[in-house]
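Dear colleague,

Please find below the structure that I am handing over to you. My notes on what was found in it follow directly after it.

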Amino acid sequence: MSSFTQPMPVVACGRIPAMGKSISQHLRPEYEGSFLIYIPEINKVWCQYSSVIHFILSYEAAEAELPHLLAGRDPQSRSPNQIGTHDYSRPPRAVIFGRGYGPQQVEELKKKFAGVAKEPVAWVRGNPADLPAGAAGA
């Protein structure tokens with residue numbers, strides 16, 4: 001199976017487990033959850049099915065687990081959860097952050113772990129100012 005027919009492994013980072021579960025379910029290949037990612041390191045736009053392999057619940061957990069995940073290893077999480085496939089056979093090609101992570105936090109993690117992954121990784125973050133329709137405060 002080519003890399004374009006296999007789901008792209010992604011790590012999702014958020015503060016609310018229910019949101020992580022929803023994201024994981026909506027990105028599963030059986031839901032045809034494809035999305036576009038621009039990867040500046042290789043100057044390409046990538047559209048592919050994705051699969052959340054791991055969900056991280058805090059900045060501290062991201063610091064501890066991302067280097068293992070990006071290197072293609074089991075993160076040995078101290079706070080395991082049931083969100084994601086937990087298939088660590090392929091390293092993630094994207095790390096997606098929810099609105100609970102500030103831009104500075106995402107940049108710090110990106111810089112801290114630059115060069116850990118063997119292939120380019122897209123770092124995607126939500127805008128804390130944007131609330132989905134129907135969300136509290138919207």
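**Strand pairing and overall make-up**

In this predicted model, strand β1 (residues 8–13) pairs with strand β4 (residues 94–97) in the parallel sense, over four bridges. Two strands are said to pair if DSSP finds at least two bridges between them; helices (H or I, at least four residues) and strands (E, at least two) are DSSP runs, numbered from the N terminus. V11 has V95 in β4 as its bridge partner.

β4 also pairs in the parallel sense with strand β5 (residues 122–125), again over four bridges. Here F97 stands opposite R125 of β5. Between β4 and β5 the chain passes through helix α3 (residues 103–112), and this β-α-β crossover is right-handed, that is, clockwise from the first strand over the helix to the second when the strands point away from the viewer.

The protein chain contains three helices and five strands, in the order β-α-β-β-α-β-α-β from the N terminus on.

Of its 138 residues, 36% count as buried (under 20% relative accessible area, 1.4 Å probe, protein chains only). Among contacts (heavy atoms within 4.5 Å) with a separation of 6 or more, 72% are between residues 24 or more positions apart. The accessible surface (Shrake-Rupley method, 1.4 Å probe) comes to about 8100 Å², and 54% of this belongs to carbon and sulfur atoms.

Residues are numbered from 1 along each chain as its sequence is written, and side-chain values use heavy atoms, leaving out hydrogens and water. As the model is predicted, local features need pLDDT of at least 70 and side-chain atom pairs count only at pLDDT 80 or more, whereas totals for chains, interfaces and linings use all residues.

With kind regards

Key. Buried < 20%, exposed > 50% of the residue type's maximum accessible area, 1.4 Å probe, protein only.
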